[in-house]
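Please set out the fold of this two-chain model.

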Amino acid sequence: MKQETLVEVEGLWKQYGFPITPYIHRLKHRVGSLLTRQPYVRPELPWAIQDLSFSVRRGETLGIIGRNGSGKSTLLKTLAGVTPPRRGVVKLKGRIFPMIELHAGIHVELTGAENIRLLGALNGLTQQELKEKLPKIIDFCELGPWLDRPVRMYSSGMVVRLGFAVGAFVDADILLIDEVMAVGDTAFYNKCLRHLEYLRSLGTCMLFVSHNMNKMKRVCDRILLMDYGVPLFLGEPDVAVAKYEKLIRPKEGSEALSALVMDDLGVELDNLTLTSADGNRIDILNPGDDLILTFDLNLSEMIEDATLNVSMENMEAIPIIWESLPLEKIKAGLNRFRLHLHQLRVQNGLYFLRISIDVGQYARTGFQVTRAAQIQAQGVPHSIGLYKPERDFSCIEHP
Amino acid sequence: MMAHTKGVYQSTGRDGGFNQFIFLVTSLVLREFKGQYRRAFLGPIWALIKPIGYMMVFIFLRGVFDIKSDGAPFALFTFCALVPWTFFNTALSRCAPSVVSNGMILKKADIPREIFPIATVGIALFDLLISMIVLVGMLVWYEAPAFGWNLIWLPILILLTGLMALGMGFGAALIATVRRDIVFAMPFMMQFWMLASPVMYPLSQVPERWHSIVVINPMVGIIEGFRNVLIHGKAPDMDLLSVSIIVTVVVWVVFLPLYHQMSKYFSDVL
């Protein structure tokens, strides 16, 4: 079934500022250069968005990814009607709710209940609609007695609850989400996600901006990748994320790739090698490959009651693997270690190894080498989970 | 090649119409009115303190300079002028920063940008209503012949003052988004304007050679109109009032379309 198009963007160009400003500059220059007669050089103004076209249908979720300053927020603002497009056409069908700047319009001296009225009005509700929805909103934000206290006493998470709760009941057809919900505790965050899933099932379409690639892959039907205002790719989430990761991958030899050493114990890491099961140096880790790490730790003095940790982290610094070896007593001098990881099945991407020694009851004091080594994994395609174990998955009983 | 067409934004979502607009304005006015006095011990009484304070100063100055008051009790004479003036002053000077200080809302919601100066004048109207209570008390106390048919002029004069402040407020708010100078200049300009208006003195005491300059001040017609209606129980002077009306029409014709056009870009420049 072909769903109706709710968002249509065609040949959108966006530049910030009053459109007459360049003319004023030129006029100023003309007057100023009456004597010097210098030619006028038009200053290059940056484009926030260049020639962007796409459309979103009812029930669809479009992800928007890109580095900082790539035009993601500008796009959301243009769709929200807050800033006008310079060229091109933006057509929206239905009520829009921009879930950006959720606390906009809140007066901190007023109580939460008083602010709900204002937020509702700002989000396009009429007095009648607000009256009907008020119990639901109050129920959703779970603020209880806090609703009668001034907002200045709220924590930032509580303010977000207030903003989200009002927005959730606007009956929007188009939702613009800009990573705002990352505030608030996990329980409320999950509640928001559930509510968004529910709205999607009702036919709301969403435009979603986030830097959390795993979530994007899970939530989005298509992903738009932008860089410096230029749309680079629009389509399969897997492909878009892979392209994005290539974009943000630090350049060879840059600081973001070099090892970072923190050492309170007088330890030296040396001769770190990554090999496969047959003993060859490993370049690319394929699904099901073994990975063998060997390394030397050169100690200047004896260490007691310590733990040696080796972890493998993805680009977002989430440890996919964390292996520990308790060390009751480790003598000064050269100690050699070997860690054999069997049949790894990780996602596509670049991984870093971290080697650390924790001493005593306080973790992360002692010795630590971040990004001691890196390894490129050629992962399982279309994998959303961080890890893909050896598995058998089939229907074992059917009618 | 980029198409050299103007950008188009179409949305069918805004269906609230006029009711929604009114709800939004009243919500904004209520927010500001409640919010501004909530932490103040004296609360809305502050709306009275300003005109009463000026009245005290003027009573003192009258003793120094021997100012006439066209036969009316001086306190009533000057308070009748201070009420519309304070309304005009509060409305206009608060319009200037109204867009800048609501930048957060501008960057989020697609609401008519005219709403901010409109709500600002609405808040000033609340203050006016509070000071009217004192004015009514004084009119009764001095047994002024205000309570007759001519009282019908009063809401018209208040409306005219509000519309004039709003028209100028569109201009001031617009300028303030680009350059903040007007926000700093506003208190001084308004002080100057008040001294140039017959608030403390009667128009009749202005020397003949200054007359032509004084009457182009659009506040003269409104202030004298208030006095005519409240102190003398007669209709406003139409010659003076027509200046106020013309100025109001001119500022609306000039500033409203300009404001409307430029306001699309407010979120870009804030």
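Helices and strands here are DSSP runs, numbered from the N terminus: helices are H or I of at least four residues, strands are E of at least two. By that rule, A:T370 lies in strand β18 (residues 366–377) of chain A.

## Basis

This is a predicted model: local features need pLDDT of at least 70, side-chain atom pairs count only at pLDDT 80 or more, and totals for chains, interfaces and linings use all residues. Residues are numbered from 1 along each chain as its sequence is written, chains are lettered from A and ligands numbered from 1 in the order in which they are written, and side-chain values use heavy atoms, with hydrogens and water left out.

## Residue A:T370

A:T370 has 12% relative accessibility, so this residue counts as buried. Buried means under 20% relative accessible area, exposed over 50%, and partly exposed in between (1.4 Å probe, protein chains only).

Which residues does A:T370 touch, leaving aside its neighbours within four places in sequence? They are A:A259, A:L260, A:L353 and A:R354. Contact means heavy atoms within 4.5 Å. A:F169 is 201 residues away along the chain, and its C-alpha atom is 46 Å from that of A:T370.

## Chain A

Chain A holds eight helices and 18 strands. Its C-alpha trace spans about 75 × 75 × 55 Å along the principal axes. The radius of gyration is 27 Å, whereas a compact globule of 399 residues would have one near 21 Å. That radius is taken over C-alpha atoms, and the globule rule is 2.2 Å times the number of residues to the power 0.38.

Of the 399 residues, 49% count as buried. Take the contacts in chain A with a separation of 6 or more: 73% of them join residues 24 or more positions apart. The chain exposes about 20600 Å², and carbon and sulfur atoms supply 52% of that area. Accessible areas come from the Shrake-Rupley method with a 1.4 Å probe; for residues, only the protein chains shown count as cover.

## Chain B

Chain B has 12 helices and one strand. The C-alpha atoms fill a box of roughly 75 × 45 × 35 Å, taken along the principal axes. With 270 residues, a compact globule would have a radius of gyration near 18 Å; chain B has 21 Å, which agrees.

Buried residues make up 50% of chain B. Among contacts with a separation of 6 or more, 81% are between residues 24 or more positions apart. Chain B exposes about 13000 Å², of which carbon and sulfur atoms supply 71%.

One open sheet has four strands in the order β2(A)-β1(A)-β4(A)-β1(B), with mixed pairing. Two strands pair if DSSP finds at least two bridges between them. β2 (49–57) of chain A and β1 of chain B stand at the edges, each with a single partner strand, so one side of each is left without a neighbour in the sheet. The twist averages 5° from one strand to the next. Axes are lines fitted to C-alpha atoms, for helices over the stretch in contact, and angles run from 0 to 180 degrees between N-to-C directions.

Strands β1(A) and β2(A) run antiparallel, joined by six bridges. There, A:V7 has A:V56 as its bridge partner. β1 (residues 5–14) of chain A also pairs with β4 (residues 87–92) of chain A, antiparallel, over five bridges. A:E8 stands opposite A:K91 in that pairing.

## A sheet within chain A

Three strands of chain A form an open, antiparallel sheet in the order β11-β13-β16. Its edge strands are β11 (267–275) and β16 (333–344), each pairing on one side only. Neighbouring strands are turned by 15° against each other on average, direction ignored.

Strand β13 (residues 289–299) is joined to β16(A) by 10 bridges. One pair of bridge partners is A:L297 and A:N335.

## Nonpolar cores

A nonpolar core is a set of buried Ala, Val, Leu, Ile, Met, Phe, Trp, Tyr and Cys residues joined through side-chain atoms within 4.5 Å. The largest has 129 residues; those with the most contacts inside it are A:L162, A:F164, A:L175, B:F88 and B:L230. Helix α3 (residues 74–95) of chain B gives the largest share of this core, 15 residues.

A second, separate core has 33 residues, including A:V267, A:L285, A:I320 and A:L353. A:L353 is also one of the contacts of A:T370.
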